[in-house]
Amino acid sequence: MPRGNKTPLIQKIAKQACVTFKELRSSANFSDKQQELLSLVTAVRAADLRISSRPSSGAAGQQQSPPVTYMHICETDQFSMGVFLLRSGASIPLHDHPDMNGMLKVLYGKVRVRCFDKLEANATNNLVIPEFNPPLTPLQTDNLWRSVLRSVAEYTENSGPCLLTPLRDNLHQIDAVGGPAAFLDILAPPYNPDDGRDCHYYSILKTVAEKQTSNKGKSSEEHGEEKEENKEIWLLEIPQPEDFGCGGEPYPGPLVSI
Ligand SMILES: [Fe+2]
């Protein structure tokens, strides 16, 4: 149930996000403001947004809806806020948030978030590129990024928010684990291709040596699961995966005014 005061929690979050991300460039107050925002976001639950958990399967029409949908709540020049809903087994493929900050707070279900960072500002200049299996085409070589796996963690409604910044945990893949899941997503500033903030997608490459190692024994890496934090990883920038699409649906919660 929404808390027993007059201002809905999501409205407070929106107001605090406005205040926080206006301070983004004058960082003297940013940390304090961000802490206040984090406290509010940590407290939010699905009921505050009038969202209820969805059945894993069998609901009429569910198979027709996209595996991932987005409820838009609000957007300003400083930030965007909405809810992603993932069907059981759905994933948001590995993608980036150029020059952006983000907060992800689970509302129901469980998600696994794998975070990466690029190690160089420019792609492959002056780097020794390993041999990959399967081998890359010359065109693909231009879209290579040396990167590092920062963390792999699971989040539920009782977890605090998962954070990203322009330099830390900026790329992530999000998987629904054990059933459907939903999370509140705040990005600051919002994606804006006209301002250099387009969303790019990536796939994780295997070097020949890694492939040989994983072929020798049963390993989770056979299923593409990287678990070793701070491990160097090579990423290939790719078009949006054809099997991923994000539908839209109306946000049922309290209206937000900013
Ligand atoms: Fe994201």
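## Close-up views of the predicted model

**View A. Strands E4 and E7 are joined by 3 bridges and run antiparallel.** Helices (H or I, at least four residues) and strands (E, at least two) are DSSP runs, numbered from the N terminus. Two strands pair if DSSP finds at least two bridges between them. Within this pairing, Gly102 has Leu164 of E7 as its bridge partner. The model is predicted, with local features requiring pLDDT of at least 70 and side-chain atom pairs counted only at pLDDT 80 or more, whereas totals for chains, interfaces and linings use all residues. Residues are numbered from 1 along each chain as its sequence is written, and side-chain values use heavy atoms, with hydrogens and water left out.

**View B. An open sheet of 6 strands has the order E7-E4-E9-E2-E1-E12, with mixed pairing.** From one strand to the next, the twist averages 25°. Helix H1 lies across E1, E2, E4 and E9, at about 30° to E9. Helix H2 lies across E4, E7 and E9, at about 20° to E4. Axes are lines fitted to C-alpha atoms, for helices over the stretch in contact, and angles run from 0 to 180 degrees between N-to-C directions.

**View C. The largest nonpolar core contains 31 residues, of which Ile13, Phe79, Met81, Val83 and Leu184 touch the most other members.** Helix H1 (9–22), helix H2 (30–43), and strands E1 (68–75), E2 (80–86), E4 (101–108) and E9 (181–188) each give two or more residues to this core. H1 supplies the largest share, 7 residues. Such a core is a set of buried Ala, Val, Leu, Ile, Met, Phe, Trp, Tyr and Cys residues joined through side-chain atoms within 4.5 Å. Leaving aside residues up to four places away in sequence, Val83 touches Leu49, Ile51, Thr69, Tyr70, Met71, Ile73, Leu107, Ala182, Phe183 and Leu184 (contact: heavy atoms within 4.5 Å). A second, separate core of 18 residues includes Val106, Ile174, Phe183 and Tyr201.

**View D. The iron ion is coordinated by the NE2 atoms of His95, His97 and His172, at 2.1 to 2.2 Å.** Along the chain, its donors follow the spacing H-x1-H-x74-H. Donors are N, O and S atoms within 2.8 Å of the metal (3.2 Å for Na, K and Ca); water is not among the atoms, so sites may look incomplete. His172 of strand E8 is the bridge partner of His95. Strand E3 (residues 91–95) is joined to E8 (residues 171–176) by 3 bridges, and the two run antiparallel. Of the 5 residues in E3, 4 are buried.

**View E. Tyr251 is found in the segment after E12.** Tyr251 counts as buried because its relative accessibility is 15%. Although Tyr251 and Tyr70 are 181 residues apart in sequence, their C-alpha atoms are 8.6 Å apart. With residues up to four places away in sequence excluded, Tyr251 touches Ile10, Leu49, Met71, His72 and Ile73.

Technical notes. Buried means under 20% relative accessible area, exposed over 50%, partly exposed in between (1.4 Å probe, protein chains only).
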